[in-house]
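Reader: I am new to this structure and would like a close look at a single part of it. Please take me through that part slowly, in one connected answer.

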Amino acid sequence: MKRALFWLYVLAFYALCQLISWGYIFTKYVPERMGMIIGEGMIFLAIFIMAVIRLKNHLERERNYQQQQQNFLLSVTHELKSPLASVKLYLQTILKRDLDREQQQVFLGNSLKDIERLDYLVENVLLATKLESRTFSFPKENFELTEIVNNVVDRLQKNACKSQQAIVATVEPNLMIYADKFAITNVVSNLVENAIKYSPPCAHINVILEKREEGIVFEVADFGEGISDTEKKLIFNKFYRVGNEATRKTKGTGLGLYIVKSVLQKHEASIRVKDNIPNGSVFEVNFGNYAS
C-alpha cells in the first residue's frame with residue numbers, strides 16, 4: 001500500500017509538471033488565447049486535485065482496513081489457542097494425576113468456561129459472516145426479552161466476580177419482542193461482556209431492561225475508563241478496537257460491537273453510547289415499541 005501511495009504522488013507530480021509546461025507552450029505561441037488556456041487549466045487542475053485526494057483517502061482507508069484484518073486474524077488465533085491449551089492442560093492433569101472429586105469438578109468447570117469462550121467466539125464469527133450476505137434474513141419470532149437478559153446476566157455473573165455480585169440487574173418482567181432470538185441474545189451477551197471486559201475486577205455493572213415512553217430500552221452501564229468522543233464514532237466499525245494495539249490488555253476480535261450495531265439495524269432498533277457518571281460508558285439500546 002505504501003508503494004501505491006508513492007506512485008500516486010509521483011503520478012500527481014508528473015501530471016502537474018506536464019500541465020504547467022503545456023500551458024506555458026500554448027500561451028507562448030497563442031498569446032491571444034491565454035485567458036481560455038488559463039481557465040481550462042485551472043478547471044483541469046481542480047478536478048485533478050480532487051481526484052488525487054479522493055484516491056489517496058481511498059488507499060489510506062484500504063490500508064487501515066488491511067491492518068485491522070491482520071489484527072483480527074492475530075486476535076482470533078490467540079483467542080482460539082489460549083482456551084484450547086487451557087482445556088488440554090486441565091484434561092491431561094485429570095488423566096495423569098489421582099485427583100479427588102472436588103479438584104476434578106473445579107478443573108472440569110474451568111474447562112467448560114474455556115469451551116464456552118470458544119463457542120462464543122465461533123458464534124460471533126459466523127454471525128458476522130451472515131451479516132455480510134445481502135440475501136440473509138433473520139428468522140423472527142415472538143419471545144420474552146426479559147428471560148434472555150436474565151439468562152445472560154446469570155451466566156456472566158460468574159465470570160465477572162467470584163467474591164461478590166458485580167452485575168446489578170433491574171429487569172422488568174414479561175417484556176416481549178418480535179425478533180431473531182439468537183441474534184438478540186448475541187447483542188445482549190456482547191454488551192454485558194464488553195462492560196465486564198473494560199471494567200476493573202469486581203467493579204459494579206448496571207443492567208437495566210424496562211419499558212419507557214419511547215419503547216423497550218436495554219441499558220448497560222460500566223464504570224471503566226470510558227470511551228473518548230473520537231472513538232465513539234468508530235467503535236461500531238468492523239474490526240475496530242478501543243485503544244492502542246501495542247498497549248491493549250483486553251482480549252477481543254473487534255467484531256462484537258459491529259455485530260451489535262448491524263443486528264439492531266436489521267431489527268429497526270437503535271443504539272447509542274454516552275458517558276457514565278463519574279466515569280465509564282453507557283450503551284443504550286432502544287427497541288421501540290417492538291422489534292419488527
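Which residue in β4 is the bridge partner of V171?

Author: Bearing in mind that this is a predicted model, the bridge partner of V171 in β4 is L209. That pair sits where β2 meets β4 (residues 205-212), two strands that run parallel and are joined by 5 bridges. Helix α7 (residues 256-266) packs on the sheet as well, where it touches β6 and β7, and its direction makes about 135 degrees with that of β6.

The sheet itself is open and consists of 5 strands in the order β2-β4-β5-β7-β6, with mixed pairing. Because β2 (167-171) and β6 (270-275) stand at the edges with a single partner strand each, one side of each is left without a neighbour in the sheet. Neighbouring strands of this sheet are turned by 15 degrees against each other on average, if direction is ignored.

Helix α5 lies across β2, β4, β5 (215-221), β6 and β7 (281-286), and runs at about 25 degrees to β5. This helix, residues 181-197, has 17 residues, of which 13 are buried. At its start, a side-chain oxygen of D180 reaches to within 3.0 Å of the backbone nitrogen of F182.

In the largest nonpolar core, which has 49 residues, L191, V192, F218 and F287 touch the most other members. The largest share of this core, 8 residues, comes from α5. Leaving aside residues up to four places away in sequence, the residues that F218 touches include V188, L191 and V192, and also L209, the residue with which this answer began as the partner of V171.

How values were computed. Residues are numbered from 1 along each chain as its sequence is written. This is a predicted model: local features need pLDDT of at least 70, side-chain atom pairs count only at pLDDT 80 or more; totals for chains, interfaces and linings use all residues. Side-chain values use heavy atoms; hydrogens and water are left out. Helices (H or I, at least four residues) and strands (E, at least two) are DSSP runs, numbered from the N terminus. The expected span of a helix is 1.5 Å times one less than its number of residues. Buried means under 20% relative accessible area, exposed over 50%, partly exposed in between (1.4 Å probe, protein chains only). A polar contact is a pair of N or O atoms within 3.5 Å; within protein, one must be able to donate a hydrogen and the other to accept it, and residues adjacent in sequence count only if both atoms are side-chain atoms. A nonpolar core is a set of buried Ala, Val, Leu, Ile, Met, Phe, Trp, Tyr and Cys residues joined through side-chain atoms within 4.5 Å. Contact means heavy atoms within 4.5 Å. Two strands pair if DSSP finds at least two bridges between them. Axes are lines fitted to C-alpha atoms, for helices over the stretch in contact, and angles run from 0 to 180 degrees between N-to-C directions.
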